[in-house]
Amino acid sequence: MADHEESALFGLCTFAFVPDKDLNDKAIAELSRSIIKYGGNVCDRKRDGSLPLANITHIISNTIEFPQYDTSITMMIPVVKSKWIAASLAKGKQAQIRPYTPDPRMIFSDVSLSCADIPSNDKDAIIGATMAMGGMHSEHVTKLTTHICALSTDHPKVQIAMEKRHKCKVVLPHWFDDCFKLGKRIDEGPYLLPDPEILRVSPDHSIEAQCSPYLDGAITTRPDYMPPDVEGRELGLTVFKDKKLMLSKDLKLRQRLRDIIAALLANQGGEMTESADECDWLVCRYRDTDEYIRASQLGKTVGNLSWLFYIIQHNAWSNPMHRLLHYPEPRDGIPGFRDMRISVSNYGGEARIYLENLIKAAGADFTKTMKADNTHLVTARDNSEKCEAARDWNIHMVNHLWIEESYAKCEMQALTVPKYTCFPPRTNLGEIIGQTFLDENKLEALYFPGAPEKTTPVPGRKRKAVDTTDEQPTVEGQGPSETSGRKVRKEFDIMRDTEEENTEMAELPLPSKRRPTEFATPARGRHVRSGKENETPSTVTSSSRSAKDKALGRLSNLAPDIALYEKEKKRGLKDGHGPWGGKRAADLIEREHLNRRPALSPTAGEEEEPKVEKRPAKRTKPSLPEVEVRVILTGFTRWVNDKQKEDADRKKLRDMGIAVVQDGQPCDYLIAPQLVRTVKFLRNLSKGAIVLSSTWVEHCLDTKQVPDPEEYLLKDRENEQRFGLKLETSIRRAQENRGQLLAGIPIYCTAGIKNGTESYEAIAGANGAIFMVYGPKSGSTIRPTNPEDDEGGPDPVYLLTTSTPEEKKLWKRFEDMARRGNMEPRVVASDWLLDVAMKQEVSFDEKYLVSNYFT
């Protein structure tokens, strides 16, 4: 029986291989025999070299540099390294997928961790973050263990590993901390026990600049010459077989170079073309040409001349979005970089040339020497003459991740992000340069909007509304022109949740340019257009993100202890005795105690005197009373433009046991001067919060006494009549609904709606609705359904909108999509949602239809 289970280890699995320099034909043949022996199947590639994704369950590849990687991830086909097969055979069962992913963004994919003598909180944080980034954890040290996290070599785990001569590294927890801060994996060398360099050598000592393998052939967007092994001899190239290549006119190539490239293609089964529609690959320089836009919209592979030379030299396809300078550059740079003067320090060799070209491509001025008029210094360490000058001249000092991620995301990143100013003491960050991928969603929104939509079929028909895969790019592509020039309707608008609120109704500000995170639920077997680069969220599950966030949060709580440790470490370096603590501290305290004892107590009678005359104990500060009442304020005008008064009043309330909490936290009462339709009011009303008049807070502050809240229930007959409701009834209904008033009801919202989609999403979400954004680029998110296949009648589906010309164009398309899914489309003004949330009752009146409301 055991033999039968072992022989079926890979049963129902079909594998395909992606060859590279490490996974050659001989290795593939050997692995194939093992797969077949244990019940699996091996599928050959097609004639054009592509993988038959519809027929396979696993892809064996040591790299993500193959054209169908993004499509395979979308189809949820695991891509694993060849080591996964050996690990599965060794365990007698299929190994986990994540630790063997070839994606370089999973920085701990080759790490098998075991923790030794570190505190339990630190241990949980390190393990959680390591596993979230592709690593594995084992409680015991085995031959597969690669890293032991310890504070010393005295722990039994370390001793066992040393005795058995396991090839694992014993590292300080500081290594994990620095990797987490940077989001990159740095060299463990300076953190290795028993003699870690970060504790032994001063941070001021020089470090030799490191080179990064990710810069190979990617240090410039426009190389001056062909690779040395291309010209003058025949190459056995296979990368161009059956491919059509287009060279854009903006390259301005010499005719001789064009002829050489054309000859290479012709000799290897490829051909040149002048049509962006017909080509497979486009080579161009800038992102604003017609060829670039058309080819990008069609999902072609688009790179620059540097990328073309790279694939010729390596005879292998490479994704141009995985190296910043392999992709066409913006003609006018990145917004915000035009007036900057940036210098570089502590980077050497190709890394320095790469940064120089990247700074110029971003639109800034690169300066070899630094002067007082420089705006930024990009440095691999925080120690050099330029760094000292930057501190004296108040010049911003960052590492290369800032310029890389600004270029990758097509917008300047905030300098306050901690990883941009993280400089590990004995590490030159040049070793991790060039690992940043371009953000395809940002590129599409800014440079080639209108690409074909990717739909994701979802089984079942829970209100026939699917996930937010399609509508999110619409929000990203929203430009300023689409949010301006709208009609302003003064009646029944959402009010602003700020301290400027008063009895007058006010409008919410327009949404910021911050773009929401995209989430997509890929469906198995659904073929989508290849060529799109996979985002990190699609390779890391939501649970992994949660574990990572929790781990990083725990690490942040340790910041005071880490700072104290660093302080004591520096003190130890100065006096030459090492870090303070442990046996050294205990011995010194004991010696001082013994030396002090004879001097202070010569006789037995005098021993009691010091006890009486000891330093008086510090007077304990009175502790704050327990929180008895939690309140949320909206429309409160007492603190407008007076931050000092607000802080003082909040302290007074807290001394009385009243805590003013933030929106979204549990509260006992909602405080408002009158019935208002702010986001904060409607969200907390939906939770069933009792609404008090703001005079209750005023009375508490003026009298320093807490009156009975029941005597201050909000009464606003005028606005109750205006909105057609009774507040007492709405609160009772909300308590019965428990935030599920709109549960399962799909509500769409146009991307360009006044006040922004965030306001309506918060209100709809507080009532349990399925909320989605609908825009010009949104595909069909309602599954087509025949009426005879649908149980019951058509369910309603709502679209919140205003009457701008851009939004009117969406009405007909939305109605057609709803009817194809056997649903009743209701294109309504946003007041419908506000009135439903205020009354806490699902009702519909045709007056809300746009055909009636905006006439």
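Predicted model: local features only at pLDDT ≥ 70, side-chain atom pairs only at ≥ 80, totals over all residues.

User: Where is Asn346, and what is its phi?

Analyst: Asn346 is in the loop between strand E13 and helix H12. Its phi is positive, about 70 degrees, although Asn346 is not a glycine. Most residues other than glycine have a negative phi.

User: And Lys252, buried or exposed?

Analyst: Lys252 is exposed, with a relative accessible area of 71%. Its phi is positive too, near 55 degrees, and its place is in the loop between strand E9 (244-247) and helix H9 (255-267).

User: Which peptide bond is cis, with omega near 15 degrees?

Analyst: That is the bond from Leu193 to Pro194. Pro194 sits in the loop between H7 and helix H8 (197-200).

User: Switching to the inside: how many residues are in the largest nonpolar core?

Analyst: It has 78 residues, and Phe108, Ile148, Phe176, Phe337, Tyr347 and Tyr354 have the most contacts inside it. Helix H12 (residues 350-362) gives the most to this core, seven residues. A second, separate core has 44 residues, including Leu675, Val679, Tyr798 and Val828.

User: What does Tyr354 touch?

Analyst: Leaving out residues up to four places away in sequence, Tyr354 touches Leu215, Ala218, Ile219, Leu324, Leu325, Glu404, Ile433 and Gly434. One of these, Glu404, is among the buried residues of helix H14.

User: How many residues of H14 are buried?

Analyst: Nine of nine, over residues 400-408. These buried residues pack against helix H7 (173-182), strand E13 (341-345), H12, strand E15 (376-379) and strand E16 (396-398).

User: Now the helix pair H27 and H29: at what angle do their axes cross?

Analyst: H27 (residues 757-766) and H29 (residues 831-839) cross at roughly 35 degrees, and their axes come within 11 Å. The crossing is left-handed. Tyr760, Ile763 and Ala764 of H27 meet Leu833, Leu834 and Ala837 of H29. By class, that contact has six nonpolar residues, with no polar and no charged ones.

User: Last topic, confidence. What is the mean pLDDT of the chain?

Analyst: The mean is 81, and 78% of the residues reach 70 or more.

User: Where does pLDDT stay under 50?

Analyst: Residues 573-577 are one such stretch, with five contacts beyond four places in sequence in the model. Residues 596-613 are also below 50, and there the model has two contacts beyond near neighbours in sequence.

Key
Residues numbered from 1 in each chain as written. Heavy atoms only, no water. Axes fitted to C-alpha atoms, helices over the stretch in contact; angles between N-to-C directions. Helix = DSSP H or I, 4+ residues; strand = E, 2+ residues; numbered from the N terminus. Left-handed = near helix turned anticlockwise from the far one by under 90°. Contact = heavy atoms within 4.5 Å. Nonpolar A, V, L, I, M, F, W, Y, C, P; charged D, E, K, R; others polar. Core = buried A, V, L, I, M, F, W, Y, C linked by side-chain atoms within 4.5 Å. Buried < 20%, exposed > 50% of the residue type's maximum accessible area, 1.4 Å probe, protein only. pLDDT = per-residue confidence, 0-100.
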